[in-house]
Amino acid sequence: MLRGVSLRVTAPRVAVLTAVHEHPHSDTDSILGHVRRTLGAVSHQAVYDVLRALTAAGLLRRIQPMGSVARYETRVGDNHHHVVCRSCGVIGDVDCAVGEAPCLTASHDNGFVLDEAEVIYWGLCPDCSAARISGSHP
């Protein structure tokens with residue numbers, strides 16, 4: 001994958017790609033923890049630099065739901081959307097709502113040539129919903 005986008009194959013790049021693939025929607029600190037368990041000592045800056053390079057190369061997608069830190073995933077290029085739990089913050093993937101990209105046809109495109117739509121559905125995940133019903137969640 002790295003060679004396919006003209007990036008050198010390095011241990012930090014492979015470790016970051018692996019971490020994000022195995023733990024989609026992870027934030028930078030979580031990714032750093034996974035990478036450190038694989039490689040040992042790696043700086044925050046090195047992980048930030050790798051995330052930036054992989055995102056710019058199109059190997060990762062950066063998402064940032066309102067009120068959340070940036071998160072990363074390897075599912076790129078299919079214009080999928082996300083569902084976010086208002087209580088615990090867990091994020092899940094949602095396939096395109098209607099048709100081909102950009103999925104949703106804008107009521108007025110203001111002259112833009114649209115190539116992507118970003119939709120975030122908000123609600124409660126099954127665990128938080130069940131906890132609220134049982135009374136163990138405020």
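Predicted model: local features only at pLDDT ≥ 70, side-chain atom pairs only at ≥ 80, totals over all residues.

Student: Is S6 buried or exposed?

Tutor: S6 is found in the segment before α1, and its phi is positive, about 60 degrees, although S6 is not a glycine. Exposed means a relative accessible area over 50%. The relative accessible area of S6 is 68%, so S6 is exposed.

Student: And H25, is that residue buried or exposed?

Tutor: The place of H25 is in the loop between α1 and β1. H25 is not a glycine, yet H25 has a positive phi of about 70 degrees. The cut-off for buried is under 20% relative accessible area. H25 has 8%, so H25 is buried.

Student: How are α2 and α3 oriented to each other?

Tutor: Two packed helices are described by the angle between their axes and the distance between the axes. For α2 (residues 28-39) and α3 (residues 44-56), the angle is about 110 degrees and the axes are 10 Å apart. Angles of 65 to 115 degrees count as roughly perpendicular. Therefore the two helices, α2 and α3, are roughly perpendicular.

Student: How many residues in the contact of α2 with α3 are nonpolar?

Tutor: On the α2 side, the contact is made by T28, D29, I31, L32 and R36, and on the α3 side by H44, V47, Y48 and L51. Sorted by class, this contact has two charged residues, two polar ones and, to answer you, nonpolar ones numbering five.

Student: Which residues of α3 make the contact with α1?

Tutor: Helix α1 (residues 11-22) and α3 have axes that come within 10 Å and cross at roughly 75 degrees, which makes α1 roughly perpendicular to α3. By class, their contact has eight nonpolar residues, no polar ones and one charged. From α1 come P12, R13, V16, L17 and V20, and from α3 come V47, V50, L51 and L54.

Student: Which are the edge strands of the open sheet?

Tutor: The open sheet is formed by three strands with mixed pairing, in the order β5-β4-β6. From one strand to the next, the twist averages 25 degrees. An edge strand pairs on one side only, and here the edge strands are β5 (91-94) and β6 (120-123).

Student: Which residue in β6 stands opposite V83?

Tutor: Start with the strands: β4 (residues 81-85) pairs with β6 in the parallel sense, over four bridges. In β6, the residue that stands opposite V83 is Y121.

Conventions
Residues numbered from 1 in each chain as written. Heavy atoms only, no water. Pairing = 2+ DSSP bridges. Axes fitted to C-alpha atoms, helices over the stretch in contact; angles between N-to-C directions. Parallel < 35°, antiparallel > 145°, perpendicular 65-115°, else oblique. Contact = heavy atoms within 4.5 Å. Nonpolar A, V, L, I, M, F, W, Y, C, P; charged D, E, K, R; others polar. Buried < 20%, exposed > 50% of the residue type's maximum accessible area, 1.4 Å probe, protein only.
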